[in-house]
Each structure stands twice: as structure tokens, then as C-alpha cells.
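Please keep the viewer open while reading.

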Amino acid sequence: MLEVCVDTIASAKAAVRGGAGRIELCAALSEGGLTPSAGLMQAAAALPVPVFAMIRPRNGLFDFSSAEMQIMLEDIAAAKAAGLDGVVLGVQDTDGGLHMAHMARLMQAASGLGTTLHRVIDVVPDPLLAIDQAVELGMDRVLTSGGAARATDGLDLIAQMVTRAAGRLSIMPGSGVTAENVTEVLKSTGATEAHASCARPVKGDPAFSNFDPAGGRKETSDVVVNEMVQAIAGAFA
């Protein structure tokens, strides 16, 4: 399984053409991924693969206020109304661990949807405990880089997460995963799905160059997606 994170409908369609098995739908991937607009959710709901919406109202760490929690609850409702298949979420408490009460509220709101714990797990003090907590909450999978900037640098912890999960949920490596290294990532960790943007730079309008993210705007390439799909298939051949 390859999940591709996108922040435009063009990227979402490219991911499908390339053979992605699931879409993580975001806004502002340059900010690590924020909640997509209601319009983008509705457009993506027509795609022929499962689509999970990121539920994250701002960038930065995941210690959300009560006002932000209400926004997240409304955004989950919007994802349901659009007909999406799941949501991606995570909330920290004041000690940095998962805020179980807030997580339970979000999970209740997401009843009937698939759920992924996002890379909040890479900043909690005890990621293996967070695996148990995600299982307790009834989540389907965890997206992680193993606490490192890139998944290839967090392989040992990702493998420990896979062992800790023991099939109770899926551990999905992401961040810096490419067609060139995905076989190593999956075989080294025991994971069976991977997460990537499969993006290439897009030359922006020079009149708006000052507004583009660092390195320029990027969009998913169906060619790169297909390369990763083939690499994953080869890893399990």
C-alpha cells in the first residue's frame, strides 16, 4: 500500500493515475499539512481510492486550545459530509504526550471513518506508549518517521513500533520515503505500507514568486507515484 499526501486536486488525480492506494488530503504541505478546504474535500471524494483528510488547524506542535478543538470537530464533520473515508489527527497534553480526553472526543466525532494518528507520535516523550494508546482509542494506523527528520534515520524505532503494534494497527513510515529507499524502509521495519508526497517542483508565476514556499511550489507526479508503487510491489515479491 502506498499512501500519497497531496494538497491540490491535480496532485490527488496524479496520485490515482500513478496507482496510489490511498490519499491523505491536506492544505499547505509546505507547513507539514493542514486541514483542506471543504471544497477540496468534496472534489476529492469523487476519486476512486480512499481519501483521508488531515485535521490540523494550524502549524506547529499539537497542543490545541479549546477553540481549536471545536474547529477540529467541525472539520471532522465537514469530512463526513463530503463523503471522505477517514481523517488524520493527533493532540498533545501539557506534558507532551497524547491528550487522551481530547483524542477520545475527536474519535467519537470521527465514528464511522477510518483514523490515522499523524506524526504527533514523533514528538511525544514515549512513542511506544502512544502506540498502545492509539490501539486503545481504536485507531487504524500510525504515520511516523521514527522520531527522526527522515524515516530512513528512524528505522530502529519504526521497527520497535511495528513489534509493539503486533498487528493491532498498521505502522506507516513516512518522511523522505522514495522509490529508491522504500524497499529498505519496509524490509527493515516490517511495515507493509508507506507514505510519501511523490512531488516534483512546479515553476511558479514569477509575479507570485515571493509567495511560494521555500524551494518553490510542488505537485505530485504520477510517474514518481508509479515508481514507488512498483518498488513496493517488488519489496513483497
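## Helix 3 against helix 4

The model is predicted. Helix 3 spans residues 66–82 and helix 4 spans residues 100–109. The two pack at an angle of about 20°, and their axes lie 9 Å apart. Helix 3 is therefore roughly parallel to helix 4, since the angle falls under 35 degrees. Their crossing is right-handed.

On the helix 3 side, the contact uses Met69, Gln70, Met72, Leu73, Ile76 and Lys80. Helix 4 answers with His102, Arg105, Leu106 and Ala109. By class, this contact has 6 nonpolar, 2 polar and 2 charged residues.

## Helix 5 and its cover

Helix 5 runs over residues 127–137. Its buried residues are Pro127, Leu128, Ala130, Ile131, Gln133, Ala134 and Leu137.

Glycine 138 follows helix 5. The phi of glycine 138 is positive, near 90°.

## A buried serine

Serine 11 sits in helix 1, residues 9–18. Its relative accessible area is 1%, so serine 11 counts as buried. Leaving aside residues up to four places away in sequence, serine 11 touches Val6, Glu219 and Thr220.

## Salt bridges

The structure holds 10 salt bridges. One of them joins the side chains of arginine 119 and aspartate 122, at 2.8 Å from N to O. Arginine 119 is partly exposed at 31% relative accessibility. Aspartate 122 is buried, with a relative accessible area of 14%.

Aspartate 132 and arginine 168 also meet through their side chains, at 2.9 Å from N to O. Aspartate 132 lies in helix 5, and arginine 168 lies in the loop between helix 6 and strand 7, so the pair ties together parts 36 residues apart in sequence. Both ends are partly exposed: aspartate 132 has a relative accessible area of 24%, and arginine 168 has 43% relative accessibility.

## A buried pair in a network

Arginine 141 forms a salt bridge with glutamate 193. Their closest N and O atoms are 3.4 Å apart. This pair links distant parts of the chain, 52 residues apart. Arginine 141 is in strand 6, while glutamate 193 is in the loop between helix 7 (182–189) and strand 8 (194–196).

Are these two residues buried or exposed? Both arginine 141 and glutamate 193 are buried. They belong to a network of salt bridges that links Glu3, Arg22, Arg141 and Glu193.

Conventions
Residues are numbered from 1 along each chain as its sequence is written. This is a predicted model: local features need pLDDT of at least 70, side-chain atom pairs count only at pLDDT 80 or more; totals for chains, interfaces and linings use all residues. Side-chain values use heavy atoms; hydrogens and water are left out. Axes are lines fitted to C-alpha atoms, for helices over the stretch in contact, and angles run from 0 to 180 degrees between N-to-C directions. Helices (H or I, at least four residues) and strands (E, at least two) are DSSP runs, numbered from the N terminus. Angles under 35 degrees count as roughly parallel, over 145 as roughly antiparallel, 65 to 115 as roughly perpendicular and the rest as oblique. A crossing is left-handed if the near helix is turned anticlockwise from the far one by less than a right angle, and right-handed if clockwise. Contact means heavy atoms within 4.5 Å. Ala, Val, Leu, Ile, Met, Phe, Trp, Tyr, Cys and Pro count as nonpolar, Asp, Glu, Lys and Arg as charged, and the others, Gly among them, as polar. Buried means under 20% relative accessible area, exposed over 50%, partly exposed in between (1.4 Å probe, protein chains only). A salt bridge is a side-chain nitrogen of Lys or Arg within 4 Å of a carboxyl oxygen of Asp or Glu.
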